[in-house]
Amino acid sequence: MTYILGILFILVFWVILANIKIVPQAYAYVIERLGAYNGTWNVGFHYKVPFIDKISRKVNLKEQVVDFEPQAVITKDNVTMHIDTVVYFQITDPKLYTYGVERPMMAIENLTATTLRNIIGDLELDETLTSRDTVNTKMRAILDEATDPWGIKINRVELKNIIPPREIQDAMEKQMKAERERRESILRAEGEKKSAILVAEGEKESAILRAEAEREAAIRQAEGEAEAIIKVQKARSEGIRMINEANPGQAYLTIKSLEALEKVADGKATKLIIPSEIQGVAGLAASLKEMVTEKQA
């Protein structure tokens with residue numbers, strides 16, 4: 001009897017321990033009692049009534065990311081392309097998530113595919129390639145409204161890849177290459193233009209500086225020559241003044257006249273007419289020369 005009681009005690013203790021549940025952070029447990037919804041357990045310690053209560057679903061409340069396979073869509077201009085989407089969602093109501101829809105992930109995937117087809121069907125190829133933000137915003141709004149009864153909040157929807165047909169890709173690559181070459185030609189032409197302008201401006205400035213230097217040199221040379229002439233004239237004036245102050249005689253003036261005649265002749269004249277006064281002075285000079293020579297002897 002004691003053995004049976006011991007076994008019963010162990011079973012009861014095991015049942016009690018087995019029905020003690022601790023809900024971790026960012027999770028919620030949906031509890032059913034006798035098959036009906038009884039409540040939602042949040043973070044903390046909880047006890048489940050044995051054989052009556054049942055944990056229907058453990059719900060992850062963290063933001064989740066689902067990457068769906070590429071979907072074939074047709075644009076407004078009848079171009080077939082494949083687009084794969086990434087959906088960021090979060091469960092806000094565990095009860096609605098548990099009882100609102102069967103297989104929620106499949107429901108979100110199918111809803112994403114149909115919504116994407118509807119939106120892309122109203123856009124042409126070029127608009128589809130350049131309007132990702134618009135498509136993302138529209139899809140998020142539509143999916144968020146559609147999944148609200150399921151207790152799901154759609155935070156973001158992103159178009160991960162847009163894959164057009166191969167021939168469209170080749171045409172786009174050729175177009176992009178031509179555009180790059182056009183921009184390169186424009187940039188090269190602008191660079192050559194700027195270079196030519198800089199060279200011309202440099203030559204212009206160089207010519208201006210050269211002309212200014214030549215003008216400055218000419219001015220300084222003219223000033224130097226003028227100053228030299230002035231100094232020469234001043235020297236001559238000073239010499240004349242000193243001669244006048246010395247009261248030179250007729251003989252000195254005659255000798256200076258002869259020196260002037262010598263400069264006039266410059267060794268090239270064949271005939272010179274000498275005034276009689278100068279001839280007399282010349283004779284006087286010769287006489288003086290003879291007297292000086294006799295004294296030296």
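**Entry 1: Thr114**

I looked up Thr114 and found it partly exposed, because its relative accessible area is 40% (buried means under 20% relative accessible area, exposed over 50%, partly exposed in between, with a 1.4 Å probe and protein chains only). Thr114 has its place in helix H3 (helices are DSSP runs of H or I with at least four residues, strands are runs of E with at least two, and both are numbered from the N terminus). I then noted Val73, which is 41 residues from Thr114 in sequence and 9.4 Å from it in space, C-alpha to C-alpha.

**Entry 2: The model**

I recorded that this is a predicted model, in which local features need pLDDT of at least 70 and side-chain atom pairs count only at pLDDT 80 or more, while totals for chains, interfaces and linings use all residues. Residues are numbered from 1 along each chain as its sequence is written, and side-chain values use heavy atoms, with hydrogens and water left out.

I listed eight helices and nine strands for the protein. Of its 297 residues, 22% count as buried. I also looked up contacts (heavy atoms within 4.5 Å). Among those with a separation of 6 or more, 62% come from residues 24 or more positions apart.

**Entry 3: Helices H3 and H5**

Two packed helices are described by the angle between their axes and the distance between the axes. For H3 (residues 104-120) and H5 (residues 132-147), I found that the axes come within 10 Å and cross at roughly 140°. Axes here are lines fitted to C-alpha atoms, for helices over the stretch in contact, and angles run from 0 to 180 degrees between N-to-C directions.

H3 and H5 are therefore oblique to each other (angles under 35 degrees count as roughly parallel, over 145 as roughly antiparallel, 65 to 115 as roughly perpendicular and the rest as oblique).

Which residues of H3 and H5 meet? On the H3 side I listed Ile108, Leu111, Thr112, Thr115, Leu116, Ile119 and Ile120; on the H5 side, Val135, Lys138, Met139, Ile142, Leu143, Ala146 and Thr147. By class, this contact of H3 with H5 has 10 nonpolar, three polar and one charged residues (Ala, Val, Leu, Ile, Met, Phe, Trp, Tyr, Cys and Pro count as nonpolar, Asp, Glu, Lys and Arg as charged, and the others, Gly among them, as polar).

**Entry 4: The largest nonpolar core**

In soluble globular proteins, nonpolar side chains tend to be buried together. I found 30 residues in the largest nonpolar core, and Ile83, Leu116, Val135 and Met139 have the most contacts inside it (a nonpolar core is a set of buried Ala, Val, Leu, Ile, Met, Phe, Trp, Tyr and Cys residues joined through side-chain atoms within 4.5 Å). Strand S8 (80-91), H3, H5 and strand S9 (152-163) each supply at least two residues of this core. H3 gives the most to this core, with six residues.

Is Met81 buried or exposed? I found Met81 buried, because its relative accessible area is 0%. Met81 lies in strand S8. Beyond four places in sequence, its contacts include Gln71, Leu125, Ile162 and Pro164. Met81 and Pro164 are 83 residues apart in sequence, yet 4.4 Å apart in space, C-alpha to C-alpha.

Asn136 is in helix H5 and counts as buried, with 9% relative accessibility. Not counting residues up to four places away in sequence, Asn136 touches Val157, Glu158 and Leu159.

**Entry 5: Exposed residues**

Most residues other than glycine have a negative phi, and most peptide bonds are trans. I noted Asn78, which is not a glycine but has a positive phi of about 65°. Asn78 is in the loop between strand S7 (71-74) and S8, and counts as exposed at 65% relative accessibility. Arg103 also has a positive phi, near 55°. Arg103 lies in the loop between helix H2 (94-99) and H3 and is exposed, with a relative accessible area of 52%.

Finally, I looked up Ile22 in strand S1 (residues 20-23). Ile22 counts as exposed because its relative accessibility is 60%. Leaving aside neighbours within four places in sequence, Ile22 is in contact with Tyr29, Gly44 and Phe45.
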